[in-house]
Amino acid sequence: MSYYFTILSPTDVPLFNIAFGTSKSGGDGIARFRFPDTAQYMNQFIIHSSLDIVEEAQWMNGNLYLKHVDTYPPASAYISAFLAPSGARFLLLHQPPQLPSTATGSGSSSLLGAGFSASALGGGSSSRASSSSIAANPTSPQTEEAVRQFMNEVYEVYVKTVMSPFYRQGMEIKSPVFRTRVTAAGRKWL
Amino acid sequence: MTQPRHSAMLSISNTNPIPIANDKQQPPSTQIQNLASTGLRVPSNRKTIYDRHLNRTRNAELSRAGFAFLFAEMVTYAQRRVTGIQDLERRLNEQGYPLGLRLLDLLYYRTMSSSTSSSLSSSSTSAAPPNRPLRILPLLHLIHGPLWRLLFNRPADALEHSVSPDTPNEYMITDNDPLVNTYISVPKEMSMLNCAAFVAGIIEGVCDGCGFEAKVTAHNQPTEMWPGRTVFLVRFGESVMEREKVLERAGVK
């Protein structure tokens, strides 16, 4: 699994983002998205396009964690959302590895990039069918629970940032300590 | 008279830099390593804000005198170069607003962590974390109860809806004896002023943070029993009332 996590302010300003890969079941924690390295903006594109759905779901469900809200089938990207009470949105894009065999054998990113156009057409449904294992299934309850734990941990660190008198709402979060904390939470739960 | 005073000042300024310089010299290796690795300066006890926990222990409360002093200073600060009472109240309101946004996040964090730690045995899903308010009433109850308890250790005294049919968007939260006004005596010529405008700003921040656009003002409404009684008038915006109707039809509580 590859993850792209971002925090958006209530006025849709990106405050923080990070890309990382799974550390569970022998993963090395490096993100390997299905896009070529030159097209990493696709992650941001997909994640921001889910905002409409988040804003709809936000008023139907009073939970902080909204679970899985949106799917982008061409890239089989799944998006989970968490809403901080003061309006910041935590969005996590997760993408299961393209093929179960390349995932274990550390597929090189250039190969994945070459295969992107082919997989974009028909890869969405086939990969969902092939990834029957729980860890690679982005909509299973186990995954939801893991993401919830991750979000809660990030929320704690976020509250600490917000409580700093030098932080104003809408400011980018630059602290390297924050980044390491989020990375650690990712390693722990995802 | 001036001579000894001058020398005393000199001695202060002389003694102060020395321990600071010592501090800097004492752990040069660790400090430099830190700077080199992260580009970040860490306090000498190596505890950043991320290493401190956010839950307040019982009885670890601030002194009332300290608060009164700070608040008086804030009022004085806000009073500089104001054009009138309204301007002064607006400034106090603006000081409270960011605090409201922060308190909201903190409040949820604390109720979440306390509910999970107190019921560790039950599964994590059953210890339901508090919900975000979607409608006006849950929001007002949040302010009236948990927020007031977090700030003043007691709930607010009353919560009312405007009876006038022209203003269905107005709600009133009453505090019989606001803590912020306890040590403030307003001069006669400024009798309209209510320094609880600061608290009104906090309420406004909470409403805005939850996505309920609102204007909140503080008004004096003394009674015989409570001379300091303050009413916080919460006026929700048009968009909120519209959404309220939609959500009511959709059956969202």
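**View 1. Chain B and its buried share.** In this predicted model, buried residues account for 26% of the 253 residues in chain B. The secondary structure of chain B amounts to eight helices and four strands. Starting at the N terminus, you can follow the elements of chain B in the order α-α-α-α-α-α-β-β-α-β-β-α. Now think about contacts in chain B between residues at least 6 apart in sequence: 57% of them join residues at least 24 apart.

**View 2. Helix 8 of chain B.** Here you can follow helix 8 of chain B, which covers residues 238-250. Does helix 8 have the span that its 13 residues should give, or another one? At 1.5 Å a residue, the 13 residues should span 18 Å, and the end C-alpha atoms are 19 Å apart, which agrees. Of these 13 residues, the number buried is one, so helix 8 of chain B lies largely in the open.

**View 3. Where chain B touches chain A.** How many residues does the contact take from each chain? There are 24 residues from chain B and 24 residues from chain A. On the side of chain B that touches chain A, the elements giving two or more residues are helix 5 (85-118) and helix 8 of chain B. Helix 5 of chain B gives the most to this side, with eight residues. Sorted by class, the side of chain B that touches chain A has 15 nonpolar, five polar and four charged residues.

**View 4. A hairpin in chain A.** Look for strand 3 (residues 65-72) and strand 4 (residues 77-83) of chain A, which pair in the antiparallel sense over six bridges. As one example of the pairing, A:Lys67 has A:Ala81 in strand 4 of chain A as its bridge partner. Strand 3 and strand 4 of chain A form a hairpin with four residues between them. In the turn, A:Ser76 has a positive phi of about 40°.

**View 5. The largest nonpolar core and A:Phe90.** The largest nonpolar core has 78 residues. Which residues have the most contacts inside this core? They are A:Phe90 and B:Ile203. Leaving aside neighbours within four places in sequence, A:Phe90 is in contact with A:Ile7, A:Ala81, A:Phe82, A:Ala84, A:Met151 and A:Val154. As background, nonpolar side chains tend to be buried together in soluble globular proteins.

Note on methods:
Residues numbered from 1 in each chain as written. Chains lettered and ligands numbered in written order. Predicted model: local features only at pLDDT ≥ 70, side-chain atom pairs only at ≥ 80, totals over all residues. Expected span 1.5 Å × (residues − 1). Buried ≥ 20, exposed ≤ 12 C-beta atoms within 10 Å, placed from the backbone. Pairing = 2+ DSSP bridges. Contact = placed C-beta atoms within 7 Å. Nonpolar A, V, L, I, M, F, W, Y, C, P; charged D, E, K, R; others polar. Core = buried A, V, L, I, M, F, W, Y, C linked by C-beta atoms within 7 Å.
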